[in-house]
Amino acid sequence: SPSATVVAIVDQAVSSASHARRETIGITLQTPFDLEGNPESSLGNLFVDSLLDTIDADISMHINTGGIRSGLPAGDLTFGSVYEMMPFDNTLVIIELSGAELRQVISEQARRGSRRVGFSGMRVEISCSGPTMLASIHLSDGRTIEDGDTIRIALANFVAMGGDRVLASVMPADGYATQDDAPQVRDVIIRSLRQRGGSISAPDFLSGDEPRWNMPDAKNSLCLAN
């Protein structure tokens with residue numbers, strides 16, 4: 001028969017979780033946010049923008065395909081909705097790449113099609129010169145990233161540890177340093193949304209006429225297939 005002690009512990013845990021699930025973040029979504037248009041979806045852009053907002057980094061990067069598991073419904077945003085969007089306990093990592101290394105990562109991502117990473121803080125222009133891919137990267141302040149520049153990138157420890165092989169070609173032999181006391185990515189997102197406050201809508205986070213990823217026509221671009 002059920003142990004009354006264990007049942008009491010479970011009931012208390014369920015009650016606590018239910019309370020946390022209903023807790024409001026302090027921001028209202030006028031429209032739902034979803035992954036349509038991935039990686040430059042309203043939800044994906046909101047995620048990486050929020051990750052960068054409160055962090056000392058040049059850009060943020062995230063695997064939107066698979067790394068974001070659920071859209072956000074319209075209305076007062078709750079912790080439960082954010083948790084469903086990001087159910088992983090990934091922690092924040094700041095890494096540094098040279099401009100040349102970042103260009104290499106972006107060039108590899110350009111060939112992935114729909115599985116490309118989402119990012120905030122920069123704009124990418126991919127072009128082809130025959131079979132050669134050219135990647136031009138500009139920070140939000142308009143500065144063009146040069147090969148010798150050092151770029152600080154905010155991302156989840158899953159990516160920093162080799163997840164989805166985003167950084168595989170540039171990762172040092174001993175990997176990237178992580179911190180045991182680093183905040184969870186989800187908590188960073190929540191902190192940013194709390195600070196933003198007010199109300200937001202999905203169209204405000206769509207790239208429109210200035211996409212973050214600027215790609216050539218894949219059918220006529222040999223460099224995308226190499």
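The following legends describe close-up views of a predicted model.

Local features are given at pLDDT of at least 70 and side-chain atom pairs at pLDDT 80 or more, whereas totals for chains, interfaces and linings use all residues. Residues are numbered from 1 along each chain as its sequence is written, and side-chain values use heavy atoms, without hydrogens and water.

View A. Strands (E, at least two residues) and helices (H or I, at least four) are DSSP runs numbered from the N terminus; two strands pair if DSSP finds at least two bridges between them. Strand 6 (residues 122-129) runs antiparallel to strand 7 (residues 132-139), joined by eight bridges. Arginine 123 is opposite histidine 138 of strand 7. Two residues lie between these strands in the hairpin, where glycine 130 has a positive phi near 65 degrees. With strand 10 (residues 213-214), strand 6 forms two bridges in the parallel sense, and valine 124 faces tryptophan 213 there.

**View B. The disulfide of cysteine 128 and cysteine 223.** One disulfide (cysteine sulfur atoms within 2.5 Å) is counted. Cysteine 128 is joined to cysteine 223 with an S to S distance of 1.7 Å, and the link is left-handed, at -45 degrees about the S-S bond. Cysteine 128 belongs to strand 6 and cysteine 223 to the segment after strand 10, 95 residues apart.

**View C. Serine 50 in helix 2.** Serine 50 lies in helix 2 (residues 42-53) and counts as buried because its relative accessibility is 0%. Contacts (heavy atoms within 4.5 Å) of serine 50, leaving out residues up to four places away in sequence, are with Val188, Ile189, Ser192 and Leu193.

Terms used. Buried < 20%, exposed > 50% of the residue type's maximum accessible area, 1.4 Å probe, protein only.
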